[in-house]
Amino acid sequence: GKKPKIVVLGAGYSGMMTVIGLQKQLQYNEAEVILVNQHPYHYLTTKLHEPAAGTRHHEAARVLIEDVIDPRKITFIQDKVKEIRPKERAVDLVNREEPLTYDYLVIGLGSAPETFGIRGLKENAFFIRNIDSVRMIREHIEYMFAKYRNEEQRDEYITIVVGGAGFTGVEFVGELVDRMPRLCREFDIPREKVRLISIEAAPTVLPGFDPELVQYAVEYLEKQGVEFRINTPIEQCDEDGVILKGGEEIKAATVVWTGGVRGNHLIEEAGFETMRGRVKVDEYLRAPGYEDVFVVGDCSLVFNDEGRPYPPTAQIASQQGSKVAKNLIALIRGGKMQPFRFDLKGTLASLGRHNAIGIIGKRKVFGSTASFLKWANDLRWLYTLGGVPLVLRKGFI
Ligand code: FAD
Ligand code: NAD
């Protein structure tokens, strides 16, 4: 018969894991697999705070797709998905007249910033989203430091506001702290002139995380000169900075929004039922009502036994991808699918290159131990993608 056609959208953690799983398990000619991604590379979202702050080159955070896929098993199309039409089993791409059709679709298009309709945020803030967006942040910070020297020395040029102190915000601030001494030397600016302000709406930094570890992180970052403003939601953002609830204005030439994420807008537009842009998938990670559409990673919503949604992470995304690959193989070979269960190994968040906090199993870790584990984690992902050669090429930049 005809070979089943599998189309995977997005080469993030979930999509890459699906494709890697398929290429390991599929025989040649058992299925046609197409991977669609808008860039020719996969990027490690989990490392984007580093190139954003300029502490590491962005080459460390991306991997060429053609370097890790087997072209005899996977066809890669570099293009941008324009529309998903699940009822017609078709996907429209920006640069292709003919729609892509499929027997099975895997959607792993990741997330987009959630701005909660806050006025001026989309127009005036920066986002830690992909390689292109973090290059803008690094360049903008440097430009503003140069401007501070070259023009009238206005404090807002060297004031950086980070909106939202979840994991992304805290990890980014941790990198900024590492970058500042060198950056200040480069631009002849005294370090104490620079303001790094982390603004959080909730009553605590990293809401929901272990209080002892949160305290460790806050104390460390404050010692490095970070100002935390908790309990103070940002209500508006404009060219001059941000306005907080209650009306206080903070002038800052650089505002980076790390206030949360939602599913890719293409999910909603495809007509799936969504919560914050994410599909509440069934136990096999399928979109309700569609036996041939799997949704993985930040586009999907999976609930734990207490009925609470798991936060979107690379960890769950890659486990989902791996499970979908196995289940697709089962479907193709006439076998039985297995339900997805998330196995939380732990959580690790960096505070710059030499410090971190985390929980592994039931154990709390911090300092250089946590930092080492975080680094080992990134290496493990590189190993999964491309074995030892990729670890050696990317892991030590
Ligand atoms: P992504 O990895 O975001 O990939 C989506 C892919 O789809 C991208 O390649 C994108 O280019 C592509 N795409 C999007 N739209 C289109 C389109 N229209 N057409 C074609 N291609 C498209 N999680 C952890 O578990 N541990 C961590 O330590 C951690 N650290 C993080 C640090 C930062 C700074 C950030 C921002 C996130 C972090 N996360 C972490 C969360 C984690 O990165 C995400 O949950 C994870 O990337 C989700 O994987 P995904 O496959 O759903 O999407
Ligand atoms: P998040 O939703 O986890 O955190 C956003 C923060 O912004 C929250 O603390 C929220 O209270 C705050 N906020 C919202 N509106 C605000 C406002 N108006 N003013 C001020 N603060 C406001 O988002 P994130 O940090 O980008 O993380 C997204 C996902 O990625 C999460 O699931 C997270 O677990 C995961 N992630 C994990 C890691 C890690 O494991 N190391 C790192 C980064 C992200």
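Which residues are linked with K47 in a network of salt bridges? Select K47 together with E50, R56 and D378: these four residues form the network. The model is a predicted one, and its salt bridges number 28 in total. Three further pairs are visited below.

**Stop 1: D103 and K2.** Select both side chains, which form a salt bridge with an N to O distance of 3.9 Å. Colour the chain by secondary structure to see what the pair connects: D103 is in the loop between β8 (100-101) and β9 (104-107), whereas K2 belongs to the segment before β1 (5-9), so the contact ties together parts 101 residues apart in sequence. With a surface displayed, K2 is exposed at 71% relative accessible area, while D103 is partly exposed at 24%.

Stop 2: Is R62 buried or exposed? R62 counts as buried because its relative accessibility of 16% falls under the 20% cut-off.

**Stop 3: R135 and D132.** Finally, select helix α4, residues 131-150, and show R135 and D132 within this helix. Their side chains meet in a salt bridge at 2.8 Å, N to O. The two residues are 3 positions apart, which places them about one helical turn from each other. Both partners are partly exposed: R135 has a relative accessibility of 27%, and D132 has 36%.

Note on methods
Residues numbered from 1 in each chain as written. Chains lettered and ligands numbered in written order. Predicted model: local features only at pLDDT ≥ 70, side-chain atom pairs only at ≥ 80, totals over all residues. Heavy atoms only, no water. Helix = DSSP H or I, 4+ residues; strand = E, 2+ residues; numbered from the N terminus. Buried < 20%, exposed > 50% of the residue type's maximum accessible area, 1.4 Å probe, protein only.
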